[in-house]
Structures are given as C-alpha cells and as structure tokens.
Amino acid sequence: MNRTLAFATALAAGMSSAVGVAQTAAPAAPAAASTQPAAAPAPVAPHAVPAKIATIEFEQVAAATNEGQRALQALEKKYEPKGAELQARAQEIDTLKKQLQAAPATMTDAERATKLRAIDTKEKQLQRDGQDAQQAVSGEQQQAIGVVAKKLAPVVKKYVEDNGYTMLLDITGQQGGSVSLLWTSDGTDISRAVLEAYNASSGVAPPVPSAPSPAAHPHASAAPKPPLPKQ
C-alpha cells in the first residue's frame, strides 16, 4: 500500500465528512425573493467529527503472513546455489591476493602488474554479478509479497469496518516517507491483529524453519526479511 495514497484517501474522507457537516448546518434558502437585503449567514461553528484511527505496517504484515514467509523461504532456497557460487569466487580472489602478497621478491614488476590486473578484473566482475543477483532477488521478493498483499487488502478492510475505525494510516517505513505520524496512542496499531486474521482465513500453515546455512557473500544474500509487526 502506498503510504501517500493511504494518507490522501484518509484526508479526502475527512474532507468529505466536513463538507457534509457544513452542508447540513448551512441555513436554508428563502422560499421567495425579498426586497429586504439578505442577512449575512451566521458563521458555522467548528464541529468535531468522531473518529477512530488505526495504523498498520501493511508491507510488513504481508511479508510476515504464513503465505509470505513461505514465499520468501522458497526464494531463499532458489538463490542458495548462486550465493554459494559468488562466495566461492570471493574466496578465490582472497586467495589470489594472499598469494601475491607472499610472492618472492624475484617476481618482476611486469608479472606483478599482470596478476593485479587479473585480480581487479575478477573483483569487478564479481561485484557486477553480485549486484545483478541482488536485484533479481529483490524483484522476485516484491512480486511474491505483492501477490499476498492483494489478498490481504480485503482482510484489512473487513477488520477496519468490523471494528469501527474511521481512518487507517499505513506507517510502513514512515520515518523516511513523505507522511509523518506525529502521534498515536497505544493499541491503535492493528498490524498483529490483521496478520492473525489473514493467517486464519488463508489456511496456509506456517513454514518449517530452514536449517542454518553458511553465510553467503554479501552481494548474493537476499534482502533482509521484514520484522514481525509489534504486539
């Protein structure tokens, strides 16, 4: 869910409510024209519209569902071979550097320069391949979570309506976004409740924890999984 869109929608809803109040409070038009000058309408006093506001970390909820966790786990498994390959190449480069450092003093400058160029070429290629792999992982992660997000949206809507909320703000990454959340009271974040409601309705069991594997090269690792929503 786009945070700016969510905020704009909520703002539009609030403005619509205010317009309705103003229209209701406005004096009725006179039945017939009068020769007397019309009196200026009395100012409408501000009217507070009852509101019940909730917040949600929509993207994190989608990723933290059983379905989302299974999708991310499958991607992690899919890219394990690529990660292992990049890690092996990084180790090879490290070995070549150590060998060059330990080279005898009899090595000519030309030979040293040739080896340095070879190492530099390998490093640059590893960096490019690592970036390509990272972009591929990130793209597939977004697609997988997007599928879950589409099915999550009706669950969010139903929860909001059933619990009488008048406004819902998506605070996913709000610290760096264009919309700031200035204040919220305890208990307004419905992320955990929506997560549990979706898992219950989806029928998808939690994923089996994967066995720990050797740390892969940084360029090959998948993007970190979002944290579970707060209790």
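Guide: Of the contacts in the chain with a separation of 6 or more, 88% are between residues 24 or more positions apart. The model is a predicted one. Its chain has six helices and two strands, and from the N terminus on these elements follow the order α-β-α-α-α-α-β-α. Of the 231 residues in the chain, 26% are buried.

The helix you ask about is α5, residues 109-162.

Helix α4 covers residues 80-101 and packs on α5 at an angle of about 160°, the two axes being 10 Å apart. An angle over 145 degrees counts as roughly antiparallel, and α4 and α5 are therefore roughly antiparallel to each other. Their crossing is left-handed. On the α4 side, the contact is made by Lys-82, Leu-86, Arg-89, Ala-90, Glu-92, Ile-93, Leu-96, Lys-97 and Leu-100. On the α5 side, the residues are Arg-112, Lys-115, Leu-116, Ile-119, Lys-122, Glu-123, Gln-125, Leu-126, Asp-129, Gly-130 and Ala-133. Sorted by class, this contact of α4 with α5 has nine nonpolar, two polar and nine charged residues.

Helix α3, residues 66-78, packs against α5 at an angle of about 165°, with the axes 10 Å apart. That angle makes α3 roughly antiparallel to α5. The crossing of α3 and α5 is right-handed, whereas that of α4 and α5 is left-handed. From α3, the contact takes in Glu-67, Gly-68, Ala-71, Leu-72, Leu-75 and Lys-78. These meet Glu-140, Gln-141, Ala-144, Ile-145, Val-148 and Lys-151 of α5. By class, the contact of α3 with α5 comprises six nonpolar, two polar and four charged residues.

Helix α6, residues 191-202, packs on α5 at an angle of about 115°, again with the axes 10 Å apart. The range of 65 to 115 degrees counts as roughly perpendicular, and α5 and α6 are therefore roughly perpendicular to each other. The crossing of α5 and α6 is right-handed. Here Val-148, Lys-151, Leu-152, Val-155, Val-156 and Tyr-159 in α5 meet Ala-193, Val-194, Ala-197, Tyr-198 and Ser-201 in α6. The class count for α5 with α6 is nine nonpolar, one polar and one charged. Val-148 and Lys-151 of α5 are listed in the contact with α3 and also in the contact with α6.

Next, the nonpolar cores. The largest one has 21 residues, and those with the most contacts inside it are Ile-56, Leu-152, Val-156, Leu-168, Ile-190 and Val-194. The elements giving two or more residues to this core are β1 (53-56), α2 (58-64), α5 and α6. Of these, α5 gives the most, with seven residues. Leu-152 has contacts with Phe-58, Val-61, Ala-62, Val-194 and Tyr-198, leaving aside its neighbours within four places in sequence. A second, separate core of nine residues includes Leu-100, Ala-103, Ile-119 and Ala-133. Leu-100, Ile-119 and Ala-133 also belong to the contact of α4 with α5.

Some single residues complete the picture. Lys-158 is in helix α5 and, at 52% relative accessibility, counts as exposed.

Asn-199 lies in helix α6. With a relative accessible area of 17%, Asn-199 is buried, the cut-off being under 20%. Not counting residues up to four places away in sequence, Asn-199 touches Thr-65, Asn-66 and Val-204.

Ser-210 is in the segment after α6 and is partly exposed, with a relative accessible area of 45%. Ser-210 and Glu-76 are 134 residues apart in sequence, and their C-alpha atoms are 9.7 Å apart in space.

Definitions and conventions:
Residues are numbered from 1 along each chain as its sequence is written. This is a predicted model: local features need pLDDT of at least 70, side-chain atom pairs count only at pLDDT 80 or more; totals for chains, interfaces and linings use all residues. Side-chain values use heavy atoms; hydrogens and water are left out. Axes are lines fitted to C-alpha atoms, for helices over the stretch in contact, and angles run from 0 to 180 degrees between N-to-C directions. Helices (H or I, at least four residues) and strands (E, at least two) are DSSP runs, numbered from the N terminus. Angles under 35 degrees count as roughly parallel, over 145 as roughly antiparallel, 65 to 115 as roughly perpendicular and the rest as oblique. A crossing is left-handed if the near helix is turned anticlockwise from the far one by less than a right angle, and right-handed if clockwise. Contact means heavy atoms within 4.5 Å. Ala, Val, Leu, Ile, Met, Phe, Trp, Tyr, Cys and Pro count as nonpolar, Asp, Glu, Lys and Arg as charged, and the others, Gly among them, as polar. A nonpolar core is a set of buried Ala, Val, Leu, Ile, Met, Phe, Trp, Tyr and Cys residues joined through side-chain atoms within 4.5 Å. Buried means under 20% relative accessible area, exposed over 50%, partly exposed in between (1.4 Å probe, protein chains only).
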